[in-house]
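The sequence and structure are shown first.

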Amino acid sequence: MKDNYITKLVKKASAWLQDKKESYRKHDLQYRDKHALELQKENLKKNINQDLFNDPSNKLGLLLGKHPNVRSCAVDIGCGPGWLSGILSKKFIKVIGIDPSAAGLEIAKELHPQNEFPNTEWRQGFAEEIMPTLNLTEPYLFVTGCVLSHLRDKEVIKICAVLKSAPKESILSFNECWGDEWHQIRWHVRTKQWWNEQLPGWELDFHGPEVERPQGAHMGFHGVKVK
């Protein structure tokens, strides 16, 4: 019992000590490495070959098949080198990839040249600051790939606040952690109740499979704006 109590204190302390830029600094450092471009080229090939787009934690093909009228714009939150934005650019009229790392976006542009991906727009900045500037006039797709699970509650709440005013019939695919209780071991794991409270007006489908670590956590859920 004592060990369990201590473990919980450590988790809470870790989450409390995290700052807004912690995840950004870690990923930006990786993107600035001299071998980063070659590594991301290989990652891009792997993601496509393994069909990560339709991985059980994403199921994006299934989601888009259910909502064929949502094709005006896709917003890739925390796009990094942009593998997902690249795939979505072939399915949407416009794609907006958001990431705070200039180095990450430079790689994204290198991997997705403008002449081949003319409908893709890269915006540098934190999602909670960029998203309120979007002109949401028709149903959009909002997508993440294990981005929000690296951020504090306060930043995720701000991002979700934008989605409260998204047009009806908008859809989302969040490859993010959820489980029976909130905790932080490897990533932030938030409960179904927490996500539902942050996304009023959205009907959420928690379909994602259980992951090996943290134990009891799942990854991935879809949503449809119904109000």
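## Strand β5 and its burial

Nine of the nine residues of β5 are buried, so this strand is largely enclosed by the rest of the structure. Buried denotes a relative accessible area under 20%, exposed one over 50%, and partly exposed the range in between, with a 1.4 Å probe and protein chains only. Strands (E, at least two residues) and helices (H or I, at least four) are DSSP runs numbered from the N terminus. Both faces of β5 are covered: Ile171, Ser173, Asn175, Cys177 and Gly179 are buried on one side, and Leu172, Phe174, Glu176 and Trp178 on the other.

The model is predicted: local features require pLDDT of at least 70 and side-chain atom pairs count only at pLDDT 80 or more, whereas totals for chains, interfaces and linings use all residues. Residues are numbered from 1 along each chain as its sequence is written, and side-chain values use heavy atoms, with hydrogens and water left out.

## Strand partners

Strands pair if DSSP finds at least two bridges between them. β5 pairs with β4 (residues 141-145) in the parallel sense over five bridges, and Val143 stands opposite Ser173 of β5. From β4 the chain passes through helix α8 (residues 153-163) to β5 in a right-handed β-α-β crossover; right-handed means that, with the strands pointing away from the viewer, the path from the first strand over the helix to the second runs clockwise.

β5 and β9 run antiparallel and are joined by six bridges, with Met219 in β9 as the bridge partner of Cys177. A parallel pairing of β5 with β7 (residues 188-191) comprises two bridges; there, Arg190 is the bridge partner of Trp178.

## Aromatic contacts

Rings of Phe, Tyr and Trp (its six-membered ring) pair if their centres lie within 6.5 Å; planes under 30 degrees apart count as stacked, over 60 as edge-to-face and the rest as tilted. This rule gives eight aromatic pairs. In one of them, the ring centres of Tyr24 and Phe126 are 5.7 Å apart with planes at 75°, so the pair is edge-to-face. Tyr24 is partly exposed at 23% relative accessibility, whereas Phe126 is buried at 16%.

Phe174 and Phe221 also form an edge-to-face pair, because their centres are 5.6 Å apart and their planes lie at 65°. Phe174 belongs to β5 (residues 171-179) and Phe221 to β9 (residues 218-225), so the contact ties together parts 47 residues apart in sequence. Ring pairs link Phe174, Trp178, Trp194, Trp195, Phe206 and Phe221 into a cluster.
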